[in-house]
Amino acid sequence: MSMIGKKIEAFEADAFQQGKGFIKVSSEKDFVGKWSIVCFYPADFTFVCPTELEDLQNQYAALKSLGVQVYAVSTDTHFTHKAWHDHSEAIGKVEYIMIGDPSHKVSRLFDVLIEDAGLADRGTFIIDPDGVVQMAEVNAGGIGRDASTLVSKVKAAQYVRKNPGEVCPAKWKEGGETLKPSLDLVGKI
């Protein structure tokens, strides 16, 4: 079932963030009024996951400049996130929030839990300030994501929100032409 256009359900979870230590994250407190990206990954101390999280960190400044808060989520605990942060060169760079989901509640809410394994799929979600999912993408475990695409996707989502009646075509970049769907365009693109 698609998450697109759905408001995220309420949740609270423990998390780790560099410089702040252990914190609580609440969908109602932390997501409302802000753009958010939630990136689920299978597990700490693995192989593809640190490459993805380091790549996401490389885009973090650009995402923050767009008013986006970034959250990484796995079914590990927030304690495990801290241990991984302290022992991995790649994860030691991560400044964004790392949510622990040992109860699997958050993974289930976003429909990315692999029930038999107790792990999350590689799911990426862009959530608007109303708490509504605007983009959802799920990759198989062996396929790493490219975080650089998130910057363009967030810019497109923000543009469409600010400009009702306009849409962003494929490969749209900020400042590029948009489309205004109408009867006149049908069959002419």
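Lysine 171 counts as exposed, at 81% relative accessibility (exposed means over 50% relative accessible area, buried under 20%, partly exposed in between, with a 1.4 Å probe and protein chains only). This is a predicted model, where local features need pLDDT of at least 70 and side-chain atom pairs count only at pLDDT 80 or more, while totals for chains, interfaces and linings use all residues. Residues are numbered from 1 along each chain as its sequence is written, and side-chain values use heavy atoms, with hydrogens and water left out.

**Overall build**

- The protein chain has 5 helices and 9 strands; both are DSSP runs numbered from the N terminus, with helices being H or I of at least four residues and strands E of at least two.
- Reading from the N terminus, the order is β-β-α-β-α-β-α-β-α-β-β-β-β-α.
- A compact globule of 189 residues would have a radius of gyration near 16 Å, and the protein chain agrees with that at 17 Å. That radius is taken over C-alpha atoms, and the globule rule is 2.2 Å times the number of residues to the power 0.38.
- Along the principal axes, the C-alpha atoms of the protein chain fill a box of roughly 55 × 35 × 30 Å.
- Buried residues make up 46% of the 189 in the protein chain.
- Take the contacts in the protein chain with a separation of 6 or more: 65% of them come from residues 24 or more positions apart. Contact here means heavy atoms within 4.5 Å.
- The protein chain exposes about 9800 Å², with carbon and sulfur atoms supplying 54% of it. Accessible areas come from the Shrake-Rupley method with a 1.4 Å probe, and for residues only the protein chains shown count as cover.

**Helix α2**

- Helix α2 covers residues 48–65, and its 18 residues should span 26 Å at 1.5 Å a residue; the end C-alpha atoms are 27 Å apart, which agrees. The expected span is 1.5 Å times one less than the number of residues.
- There's a bend of about 45° in α2 at glutamine 59, which is the angle between axes fitted to the seven residues ending there and the seven starting there.
- Glutamine 59 is itself among the buried residues of α2, and so are Cys49, Pro50, Glu52, Leu53, Asp55, Leu56, Gln57, Tyr60 and Leu63.
- Just past the end of α2, glycine 67 has a positive phi of about 80°.

**Backbone and loop spots to look at**

- Histidine 104 isn't a glycine, but its phi is positive, near 70°. You'll find histidine 104 in the loop between β5 (97–100) and α4 (105–109).
- Lysine 171 is another non-glycine residue with a positive phi, near 60°, and it sits in the segment after α5 (148–162).
- Glycine 131 is in the loop between β8 (122–127) and β9 (133–139), and at 4% relative accessibility it counts as buried.
- Setting aside neighbours within four places in sequence, glycine 131 is in contact with Lys6, Lys7 and Ile8.
- Glycine 131 and serine 88 are 43 residues apart along the chain, and their C-alpha atoms are separated by 32 Å.

**Salt bridges**

- The whole structure holds 11 salt bridges, each defined as a side-chain nitrogen of Lys or Arg within 4 Å of a carboxyl oxygen of Asp or Glu.
- Arginine 108 pairs with glutamate 115 through their side chains, at 3.0 Å from N to O. Arginine 108 counts as partly exposed, at 42% relative accessibility.
- Aspartate 128 and arginine 161 form a salt bridge at 3.4 Å, N to O. The pair links distant parts of the chain, 33 residues apart, with aspartate 128 in the loop between β8 and β9 and arginine 161 in helix α5.
- Lysine 153 and glutamate 137 form a salt bridge at 3.3 Å, N to O. This pair also links distant parts of the chain, 16 residues apart, with lysine 153 in helix α5 and glutamate 137 in strand β9.
- Lysine 153 is partly exposed, with a relative accessible area of 28%, and glutamate 137 counts as partly exposed at 30% relative accessibility.
- Glu52, Arg122 and Arg145 are joined in a network of salt bridges; Glu52 is one of the buried residues of α2.
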